[in-house]
Amino acid sequence: MKKNNIQQQGNSGGKCIFCSIIFNEIPSYKIDENKSALAVLEINPISKGHVIIIPKEHSKEIKKTEKSLASIIKKLSKRIQSLFSPKEVKVSYSQMFGHSIINLLPIYENETMDSKRKKAGKEELEEIQKALSEKSKSKAEKVSKPKTKVV
């Protein structure tokens, strides 16, 4: 099976490509992460801001009701929308190499998961990664004012 110019054979120890990304065995452009999933940029995107969310559990089934998975989907969809202003962000569930994944596909014209992909350059990916990652860091970097107690 060959898709996205990635073959199952030849990756580290026979592990699927997505598990290799999760375990930092191959480079990726990480955007966000929580206890149940890792979000990375698609290196052969259909449109600008195309993100793949990889559940950390290697499974053919996605637990769509899992709160932490729903949370990262919602958070990143909003972030993509606010930064790149697509008409919408489509959420698409699929499976490759026995591993379920979620695509967040920004729709600017009439893109679908079957639309033509393009190879993104390193500079473009780094720029998008920085933009999408900065949004999440800005909240964490805000210093909360210490609560004062009135005596």
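Two strands are said to pair if DSSP finds at least two bridges between them, and strands here (E, at least two residues) are DSSP runs numbered from the N terminus. With that in mind, select residues 88–96 and then residues 99–107, which are strands S6 and S7, and you will find them paired in the antiparallel sense over nine bridges.

Before going further, note that this is a predicted model, in which local features need pLDDT of at least 70 and side-chain atom pairs count only at pLDDT 80 or more, while totals for chains, interfaces and linings use all residues. Residues are numbered from 1 along each chain as its sequence is written, and side-chain values use heavy atoms, with hydrogens and water left out.

Then move to the two residues between the strands, where Phe-97 takes a positive phi near 55°.

Next, select Cys-16 and Cys-19. A disulfide is counted as a pair of cysteine sulfur atoms within 2.5 Å, and a search of the whole structure finds zero of them. The sulfur nearest to that of Cys-16 belongs to Cys-19, 3.5 Å away, and Cys-16 is in no disulfide. Cys-16 counts as buried, at 4% relative accessibility, and Cys-19 also counts as buried, at 8%; buried means under 20% relative accessible area, with a 1.4 Å probe and protein chains only.

Finally, colour by pLDDT, the predictor's confidence in each residue from 0 to 100; the protein averages 83, and 77% of the residues score at least 70.

Note on methods. Helix = DSSP H or I, 4+ residues; strand = E, 2+ residues; numbered from the N terminus. Buried < 20%, exposed > 50% of the residue type's maximum accessible area, 1.4 Å probe, protein only.
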